[in-house]
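Look over the sequence and the model first.

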Amino acid sequence: MGVTVSKNCFSGKDQALKAIDAKGLCPRDGAMSAGDLEDVHWHKTSLEIYVLEGSFETRDAATDRSLLAGPGDLISIPSVTHHAARCPQPARYVVGFESEAALASFKPERPEDLK
């Protein structure tokens, strides 16, 4: 399964943090400016992005499908899923990582490095 966006999953940062905690994930705040772009990449672990403000567009590279998320929406990205991201509007969000180790070692991986 690729990238998914679940609409209206929470209202506000407190609810996002409660959902992250209930799933046993580790939270980290994030932000992107309008027009910020991340080229196609992947991560060794899955992650969940809880959009608090603005808009966040994710493109699933396998299906070439773009998904737009706004406040209250949850973006789920499975491990080893090629995707890209951009923010049409400035966005604030909380990311839920699988573990403290995943949070500490998090980095975008280049598509050609997937073996």
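The side chains of Glu 48 and Lys 23 form a salt bridge, 3.0 Å from N to O. The term means a side-chain nitrogen of Lys or Arg within 4 Å of a carboxyl oxygen of Asp or Glu. The whole structure holds 6 salt bridges. This is a predicted model: local features need pLDDT of at least 70, side-chain atom pairs count only at pLDDT 80 or more, and totals for chains, interfaces and linings use all residues. Residues are numbered from 1 along each chain as its sequence is written, and side-chain values use heavy atoms, with hydrogens and water left out.

**Glu 48 and Lys 23**
- Glu 48 lies in strand S4 (residues 47-60) and Lys 23 in the loop between H1 and S2, so the bridge ties together parts 25 residues apart in sequence. Helices (H or I, at least four residues) and strands (E, at least two) are DSSP runs, numbered from the N terminus.
- Glu 48 is buried at 15% relative accessibility, while Lys 23 is partly exposed at 46%. Buried means under 20% relative accessible area, exposed over 50%, partly exposed in between (1.4 Å probe, protein chains only).

**Lys 13 and Asp 29**
- Lys 13 bridges to Asp 29, with the closest N and O atoms 3.0 Å apart.
- Lys 13 sits in helix H1 and Asp 29 in strand S2 (residues 26-32), so parts 16 residues apart in sequence are tied together.
- Lys 13 is partly exposed at 30%, and Asp 29 is partly exposed at 49%.

**Lys 7 and Asp 73**
- Lys 7 forms a salt bridge with Asp 73, the closest N and O atoms being 3.1 Å apart.
- The pair links distant parts of the chain, 66 residues apart.
- Asp 73 is buried, at 4% relative accessibility.
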